[in-house]
Amino acid sequence: MSESLNIDMATMLDQMTPEMRTLMLDILQKGQAAAAGKTARQEQQDKDYSSLEKKDVSCINSREDFFAEKMYAKVYGGLYEDIAGGVVARCDIPTVEYLLSEKAKEIGKTDLLKLFKSKASAYKKRMKLEYEQAKRAQSQALRDAAEEEKRRQKENGNMTQYTELPEWCTGNKYMGEGWIANNDEGIYKLEERGSTIRKVEACGRAAMINRLLAPMDGGDGIVRVELAYDSEDGWRHRVVERGELVNQNRAIALAEYGVDVNSERVRPFTNAMSSMLKESSTRGAIPRVQSSAKLALYKNGKLVLPYASKDFIFEKENEFPKMMEALTPHGDAEKSRQGFVELRKKNLFKGFNFAIAATLAAPIIMMTDANGFVFNLYAPTGSGKSLVQAIIATLWGDFHMNKGFVRGADNTPTNLETVAGIMNCLPLIVDDYNKLQSEEDKRRFNKSIMLLAGGIGKGRATKNLSIRETASYNLDVFITAEQSIGEIAARTGAGGGVINRLYEVPTDAECPVSKAEIDEIMETFNDNYGHLGVEFVGILNKLKAKGLKAKVSEKARELEARMKELGVDKTNKQIDIAAILLVADEIAAEEIFKDNRKISLDEAIEYMADSSMVKQEARMYQAVIDKVYSNPNRFEGLAPEALLCGEIWGKYEKTDEKEAMVKETGPDGQTIEYAPTTVAIFKKNLTEMARECNASVNMFLAYLKREGLLYPDKDRPDKKVPFKHYSNLNEKKENVVTRLRAIKFRLPRQDDIPFDEE
């Protein structure tokens, strides 16, 4: 067939004129060339251009390469999208483009370069168009999905889609339209911005309002909720104020506790939480739980210990994370009871029953609306008082300091006041008063005692100058010390109010048990605690306030009758404290331990402060007496002349026959007369002593006059007193008697005065 075609073509050419033959031959040659070029381009389409990915253009070696669609796809495939492999990286496109331009000039000079640029421009435009069309399609798909989600949410309500929630979590919650919440992406919504859809993140991890708090104690007016949230350490929960969820300035602080918010997410976060609170509460999807900032309450005539209930949230758990754990009953109640019974039976520790009574007294104080007080168990280091404190603390909870129930004396007054507010009508147990090193620290702590025993804290302002709610409570404070706090209070001038609110019991000077015996005792109390306090509260609730008040009043009458028999004088406040301790001890002995081992009236009276020690002027009188006898070299007549030195403060006379005789009734009823012992102190020195006692000189003089102890001149509080060897305070002159004015008063009769000249 081909041969016949060739013969026919040759015959046809022979029959043409020379011009026509030349034209036909030219057409045939061009056709053949075009067919050959088409075959070459087809070959280029199958060519491997992968070296371009490495910025290597050695694969480009002919004009036909610049017609190959595959080459342009390799160069510009990643122009608008980051594609891993298979195309030239976006950052390398300009370099490859330049190398191809140079290659085009090399192969086909300017014509081929223009062709390359034209085809490259057209390809990039096409890629842009395809990219924009894909984005529009994607946006439309997202828009359709969002519309579908809105439709579904409107019909069924929009719920969070969290999975694998912890057991304590109360389930998924409702949110406003548009919000999406799941474990993988946290909380977000899709917002339309022009022709695009933008993802707005509110929280990088799951978060939701778990429970609404319903304050048992009336609350402080601030709405609080329990926030549950996923974090780097797993699911957590935290009590927060409503303002922390809906106020951007406060919500950002939640990041410190593991909530996955930041400065960009915080505004959407507050909007998401607001919608969750509204939608879920409207649909009843957020359960309410009882809460309180106090761990013991007196409500409707009954004591309530909310920490003993599972359905309770402690509002201050963030500040005191281990307090609930410390108070939750642990171990076996009977083992704890038996441990106490054994110790009471052995009577190993002096003051042990007093310590038990003081620890159980707090709820009685609340129910009878009595004044609070401070109980101090004191003895030298190594006496075992800290052991006693640890044991009695287990009546209510864990005695270990790191759990927070037992506090250190070196805590700030504000901290102790806050804890007292939390305890409310449980004892505030404070360890080791002697952690306070300076006299100023002790003076400040003694002032705090007044507040703690008074049942109300200091008024304070908030950051915006509004008044913060004042802490209130009705309890007693149990503390251990190495010496009497009352003596320290007298020395530092804390006032009679401190002494009047103190009940102090000394314990043994040395610990009566060995280290091995201590370890054996504490085996019981380490793991068994908190039960007996709860049981004691149940007994008090059965007695009711009326029954308790009757018991306390009865004990007070018994104390007064016995004090009258003994001829001792105690203040009403001291009587009230002792009566409460006796009632607590009686209930414990009869109902808790059932051993009938009770504190006697005489034991209770023995440790009550005398009325005279409570009065500031009487305390100053005792302080002045101590000052005189501890500084004999400052008083003429008290020390031998050779020992007198420095400034003289006054004159001492053991038997002052110049003053009226003192008459007293002896033990056998006979009248005894004797010359008084007197001291005359210069007023400036007496003023200094008064300052040290935080007392008034004028009130002290009035006290001396009222008690018949002052020896004044007529119409003056002072008196001219002859000084045998001194013409003034500092200079000694022999055989010169100088009369100088001083405050002269009587001292108690003494038989063993050190350095007495006689």
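Mentor: The model is predicted. The sheet is open and has five strands in the order 8-7-6-9-12, with mixed pairing. Strand 8 (234-241) and strand 12 (313-314) form its edges; each has a single partner strand, so one side of each has no neighbour in the sheet. The partner of strand 8 is strand 7 (residues 224-231), and the two run antiparallel, joined by eight bridges. One of the residue pairs bridged here is Val225 with Val240, the latter in strand 8. Helix 7 (residues 266-282) packs on the sheet, where it touches strand 6 (207-215) and strand 7; the direction of helix 7 makes about 55° with that of strand 6.

Now the cores. The largest nonpolar core has 104 residues, and Leu295, Phe405, Met423 and Tyr503 have the most contacts inside it. Helix 19 (residues 572-592) gives this core its largest share, 12 residues. Beyond its neighbours within four places in sequence, Tyr503 is in contact with residues including Phe354, Phe375, Ile577, Leu581 and Tyr607.

As for the whole, the protein has 24 helices and 26 strands. Of its 758 residues, 47% are buried. Among contacts between residues at least 6 apart in sequence, 64% join residues at least 24 apart.

Definitions and conventions. Residues numbered from 1 in each chain as written. Predicted model: local features only at pLDDT ≥ 70, side-chain atom pairs only at ≥ 80, totals over all residues. Heavy atoms only, no water. Pairing = 2+ DSSP bridges. Helix = DSSP H or I, 4+ residues; strand = E, 2+ residues; numbered from the N terminus. Contact = heavy atoms within 4.5 Å. Axes fitted to C-alpha atoms, helices over the stretch in contact; angles between N-to-C directions. Buried < 20%, exposed > 50% of the residue type's maximum accessible area, 1.4 Å probe, protein only. Core = buried A, V, L, I, M, F, W, Y, C linked by side-chain atoms within 4.5 Å.
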